[in-house]
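Hi there,

Here is the structure I promised to pass on to you. Please have a look, and then read my notes below.

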Amino acid sequence: MAEQAQNISAIPTDAISNIKITSVWTFLLSIQWSESWLIGLGLFHTLCFAVTLVTLRFYRAQVCHFLLMVGMVYSAEYINEVAALNWRLFSKYQYFDSKGMFISLVFSAPLLCNTVIIVMVWVYRTFATMTELKSLQVKRKAARTKRKTE
């Protein structure tokens with residue numbers, strides 16, 4: 001019991017304690033959202049969502065946006081390592097754990113939500129195109145059979 005108490009006191013006061021975290025919600029509530037870099041990150045995600053919505057009409061721009069977001073998610077582990085080493089330069093607290101929970105929830109998850117939206121739009125367009133193609137094939141076949149009977 002004394003050993004457990006010693007381990008609890010060894011947790012830095014500026015880090016998020018895993019003992020207090022029981023769910024994703026409590027983890028998100030334990031973050032100090034008023035820090036300027038987190039506000040900037042929120043604005044970045046808002047901008048990414050706006051670009052996702054704007055590029056719905058422009059396929060090539062949407063592909064570029066999609067690839068950029070996937071690239072950022074892919075590099076999240078590296079970003080986490082660099083941020084863990086330099087967190088004192090931009091943050092009051094050390095959020096960047098070795099398992100990457102913070103960067104996964106706050107950085108990667110919103111980007112992945114945007115990429116899922118894009119993929120859903122692509123699937124919808126594919127189905128719409130296939131439906132249109134099939135209806136054109138049926139119309140052509142009906143026109144051919146009508147010509148043959150005349």
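Is the crossing of α4 and α6 left-handed or right-handed? The crossing is left-handed, a term for the near helix being turned anticlockwise from the far one by less than a right angle.

First, some background. This is a predicted model, in which local features need pLDDT of at least 70 and side-chain atom pairs count only at pLDDT 80 or more, while totals for chains, interfaces and linings use all residues. Residues are numbered from 1 along each chain as its sequence is written, and side-chain values use heavy atoms, leaving out hydrogens and water.

Helices here are DSSP runs of H or I, at least four residues, numbered from the N terminus. Helix α4 (residues 59–74) packs on α6 at an angle of about 145°, with the axes 9 Å apart; axes are lines fitted to C-alpha atoms over the stretch in contact, and angles run from 0 to 180 degrees between N-to-C directions. In α4, the residues that meet α6 include Y59, F66 and M69, contact meaning heavy atoms within 4.5 Å.

The other pair is α3 (residues 36–54) with α6 (residues 101–149), at an angle of about 10° and axes 9 Å apart. These two are therefore roughly parallel (angles under 35 degrees). Among the residues meeting there are W37 and F44 in α3, and F102 and I117 in α6.

Lastly, the unreviewed UniProt entry places "transmembrane region" at residues 37–56, 63–80 and 100–124, though such annotations may be inferred rather than shown by experiment. Residues 37–56 are 90% helix, and residues 63–80 are 94% helix.

Best wishes

Definitions and conventions: Angles under 35 degrees count as roughly parallel, over 145 as roughly antiparallel, 65 to 115 as roughly perpendicular and the rest as oblique.
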